[in-house]
Amino acid sequence: MPGFHAPSWLAITPDNSEIYVVNTGNETVQVINASAGVYPNVGPMSGGTPVTIVGQGLGNTTAVRFGCLPAASFTVINDHEVRAVSPLFVSDVKINATLGQNTSRTVGRFYYLQDSVMTGISRTSGPLSGGDTLTVTGRGLITTSEVRFGGVSVTPSAVLDDRVTVTVPPAQAPGPVPVTVVTRSNSYGRAVYTYTNPPGISSVTPTSGPTSGGTPVLIEGTALAFTQTVTIGGTQAAFGVISSTRVAAVTPPAAAPGPADVTVTTTSGTATAPGVFLYT
């Protein structure tokens, strides 16, 4: 476009209807109309998306249609701008504006997106420090712009239609937070991620049993709700989580008598009680 004098930067109005260009050559600001069209041009099938129609001669608009359906509502702002709300629909369509009584013309195209659905997350807990790689699964996720952990927004590292990969941010305190996926279809999937402290072991009872294994033991401590593995003497043991402070396990066989370490591993770390169980 001609007429600029050493333009240095530009700013676009929130409704995308005008562009302000700063000319450093003559210290002026030049205003130009944005290209004719519809902004934004995507939204959910459920409708309700506010769109701005930009063009020329729109001041006497009397109707706006998305395909064959009338807009849920519309407002004429001026001769260059009309604001409308998309109706419920199931396909991408042309947007037509009726000018006066009889003249109708296509002013843009609007694309209806599949509603986004979250079906799960790859892990449901982790340490306060964050840093874990988490995968959100679902459908209609290709337009994901952010993933929120409570009030913390994170930009995805990879986005596909059926999965989104993101790095878990740190948290200030332990506890559950909602995980929310925000997409361009304005649909929100939701799951729960729990931040936890590292585990701790305070006692193991009973403290002895035969080398043949099979002894039921109760492990008591802190932050045990998300226990992943229990080992006794370096060998994995069958276990079950009772509560955040108690885990039941069954001792595995041992090669020889003697003391054995008890180790509990959770999604937030590992705790070991050295030699607390004696094989006899």
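Mentor: Let us begin with the sheet: five strands form an open sheet in the order 23-30-29-25-26, and their pairing is mixed. Strands here are DSSP runs of E with at least two residues, just as helices are runs of H or I with at least four, and both are numbered from the N terminus. Two strands pair if DSSP finds at least two bridges between them. Please keep in mind that this is a predicted model, in which local features need pLDDT of at least 70 and side-chain atom pairs count only at pLDDT 80 or more, while totals for chains, interfaces and linings use all residues. Residues are numbered from 1 along each chain as its sequence is written, and side-chain values use heavy atoms, with hydrogens and water left out.

Trainee: Which strands stand at the edges of this sheet?

Mentor: In general, strands of a sheet pair through backbone hydrogen bonds, either parallel or antiparallel. Here strand 23 (208–209) and strand 26 (235–236) are at the edges, and because each has a single partner strand, one side of each is left without a neighbour in the sheet. Strand 23 runs parallel to strand 30 (residues 269–279), to which two bridges join it, and S208 has L278 in strand 30 as its bridge partner.

Trainee: Is T227 buried or exposed?

Mentor: A residue is called buried under 20% relative accessible area, exposed over 50%, and partly exposed in between, using a 1.4 Å probe and protein chains only. T227, which belongs to strand 25 (residues 227–232), counts as buried at 8% relative accessibility. If contact means heavy atoms within 4.5 Å, then T227 touches F239, V241, V247, V264, T265 and T266, leaving aside residues up to four places away in sequence.

Trainee: How many salt bridges are there?

Mentor: A salt bridge is a side-chain nitrogen of Lys or Arg within 4 Å of a carboxyl oxygen of Asp or Glu, and by this rule the count is five. One of them joins the side chains of E220 and R246, at 3.8 Å from N to O. E220 lies in strand 24 (residues 216–222) and R246 in strand 28 (residues 246–250), so this pair ties together parts that are 26 residues apart in sequence.

Trainee: What is the relative accessible area of D132, and which residue does its side chain meet?

Mentor: D132 is buried, with a relative accessible area of 18%, and its side chain meets that of R123 in a salt bridge of 3.4 Å, N to O. R123 is partly exposed, at 27%.
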